[in-house]
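Please read these comments with the model open beside you.

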Amino acid sequence: MRLSQYPINTAKETPAEAEVLSHQLMLRAGLIRREAAGLYSWLPMGLRTLRKAETIIREEMDRAGALEVIMPVFQPAELWQESGRWTEYGPELLRFKDRHERDFVAGPTHEEVITDIVRRDIKSYRQLPVNFYQVQTKFRDEIRPRFGVMRAREFIMKDAYSFHVDAASLQQGYRAMYDAYTRIFTRMGLDFRAVRADSGPIGGDVSQEFHVLAASGEDAIVFSDEDGYAANLEAAEALPPMEPRPAPRETMTRVPTPGARTIVELSRMLEVEPSRCVKTLLVEGSEEDVVALVVRGDHELNAVKAQRLPGVANPLRMAGAERIARATGAQAGYIGPVGLRGRVYVDHSALALADFICGANEKDMHLTGVNWDRDVGAVTAADIRNVREGDPSPSGRGHLRMARGIEVGHIFQLGSKYSRPLKAAVLDESGKEVTLLMGCYGIGVTRVVAAAIEQNHDERGIIWPEPLAPFQVVLVPLNLQKSARVREVADRLYNELSAQGIEVLYDDRDARPGVKFADAELLGIPHRLVVGDRGLEAGRLEYRYRRDSENTEFAAGEAIDFIKARMR
């Protein structure tokens, strides 16, 4: 492709609207353009990378035996009402009426539609297992779309859905998708990790996320330094301390703590470590007025773990001031488990403390020397905190380390969450009707492109992994409009490289060398080949790999072999 014929407008300045680096570079490089909040057009250069990602995904899904389909973006409300998600999904589900006043949704996902297809077309166990996938537009009405295509309202997803007659078959299908995803992200040249995850609103019992590792990642992921254990922060298990709880040595004492509403303020006032304190949080209950959650002062509550507990409202909601006052007679910051009525969950690490400090359920007062059993009524032990760097690994080997990641894929074992309400069943080998089990497997295709940039860039621009680069080689002739020799050699190289199946971006613009070099680096093309009069006089061409800081000269007559040897 000749760049003079390519409608690309690069920019030196960072757009004010762009918050994260991938968004900045995609706008500066002319890969995308914003149409409205969370809505983007993909321009030719960006679309080339997007299509390369789609191609890799399709090849590996086909290799895994999945069958490609296309389902409608807009879905009838009746299917969502059958599954129960019409009321459960929340405001991210865009609902609308057509001219006949019939309800529809803009599909954020397609479990209902594919289950409807299967319940009508699959009648026998002999037709199973089966896996359908699509690369399709999705819409989620995010309250605050941000980070460019990373968290847009409209995006492209590869979603797949498998159907099985029993749990063993589902396990096999799930494993096949895990292996396919591993091949996909490996082929894309991304540094990634698969982690255990919470299933969220999609549902199901088992799920794993695939994260591209990047310092700018939204998600915290944890992993063992001695084996393959990995999980996102929401799902990582915090093990109970191995040491037994010490015996009580202090007497419970009320102490004035005026204005000490936080653990930081309390520990400074009493000159103790935050780990000697506990904080008690009141949340809305699903059956009762409020539920108490107690964690050690230096730990953070894990909302996902907490909202799974019996009696706790899901999603987790903190109790308001009125409910706190009714339950404790105090206000937030001074709540403690002593004398507290109702359901109380205590994290394992807090339950291992003796002679601890907590709120006295009275304004400006705390209790010291508090001990479980002796001073506090019945409580329930639970894992409700976030793990921290250095915690023992739940696998039993090593300790946990933490990194940042960008979620680009998620696989689920859904079980019968959708097939049961939608009555998707077949006759098994004995003629008995069996409800199908489902798996669900998603990749955020547009997000993959942004994640690749977040992981691969420098101060000059994008550094594409070669499998995702819009072009493999950028050919930069210097003074092309003034030198017939440069034009002749550059034209010949362009034709010869193209004939070898190499994708070449030929910068034949009438522009200064500095402009051409800056654009080549901004666009992130892996291999740069420079043709200039000075080099040709010596029979040499100039080469630089995008990650390198120095140029390499080589014999002009060896260009094709030289470039092919360096392509990965």
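**Notes on the model**

1. Start with the largest cavity. Its lining consists of V474, A520, E521, I525, R528, R544, Y545 and R546. Two elements give two or more residues to that lining: helix 13 (513-523) and strand 29 (540-545). The volume of the largest cavity is about 60 Å³. Cavities of 30 Å³ or more number 2 in the structure. Keep in mind throughout that this is a predicted model.

2. Next, the second largest pocket. Its space comes to about 250 Å³. The lining counts 19 residues, and R261, K279, T280, L281 and G333 are the closest to the pocket centre. Which element supplies the largest share of the lining of the second largest pocket? Strand 14 does, with 5 residues. Helix 7 (263-270), strand 14 (278-284) and strand 17 (356-359) each bring at least two residues to this lining.

3. Is E271 buried or exposed? E271 counts as exposed because its relative accessible area is 72%, and the cut-off for exposed is over 50%.

4. E101 is placed in the loop between strand 5 (94-97) and strand 6 (103-106). With a relative accessible area of 55%, E101 is exposed.

5. Now the cis peptide bonds. One joins L128 and P129, with omega at about -5°. P129 belongs to the loop between helix 5 (111-121) and strand 7 (130-139). Another cis peptide bond links N314 and P315, where omega is about 5°. P315 lies in the loop between helix 8 and helix 9.

6. Stay with N314 for a moment. This residue is in the loop between helix 8 (303-306) and helix 9 (321-328). N314 counts as exposed because its relative accessibility is 52%. How far from N314 is Y506, comparing C-alpha atoms? The separation is 56 Å, for two residues 192 apart along the chain.

7. Then the overall picture. The protein chain has 15 helices and 30 strands. Along the principal axes, its C-alpha atoms fill a box of roughly 95 × 70 × 50 Å. The chain holds 568 residues, and 54% of them are buried. Take the contacts between residues at least 6 apart in sequence: 69% of these join residues at least 24 apart.

8. Last, surface and charge. The protein chain exposes about 25800 Å², and carbon and sulfur atoms supply 48% of that area. The chain carries 75 positive and 83 negative charges. How far apart are the mean positions of the positive and negative charges? They are 2 Å apart.

Methods
Residues numbered from 1 in each chain as written. Predicted model: local features only at pLDDT ≥ 70, side-chain atom pairs only at ≥ 80, totals over all residues. Heavy atoms only, no water. Helix = DSSP H or I, 4+ residues; strand = E, 2+ residues; numbered from the N terminus. Buried < 20%, exposed > 50% of the residue type's maximum accessible area, 1.4 Å probe, protein only. Contact = heavy atoms within 4.5 Å. Areas by Shrake-Rupley, 256 points an atom, 1.4 Å probe, with all protein chains shown as cover. Lys, Arg positive; Asp, Glu negative; His and termini not counted. Charge placed at Lys NZ, Arg CZ, Asp CG, Glu CD. 1 Å grid on protein atoms, 1.4 Å probe; cavity = no way out; pocket = protein on both sides within 12 Å on 5 of 7 lines; lining within 4 Å. Points joined across faces, edges and corners; volume = space filled by probe spheres on them.
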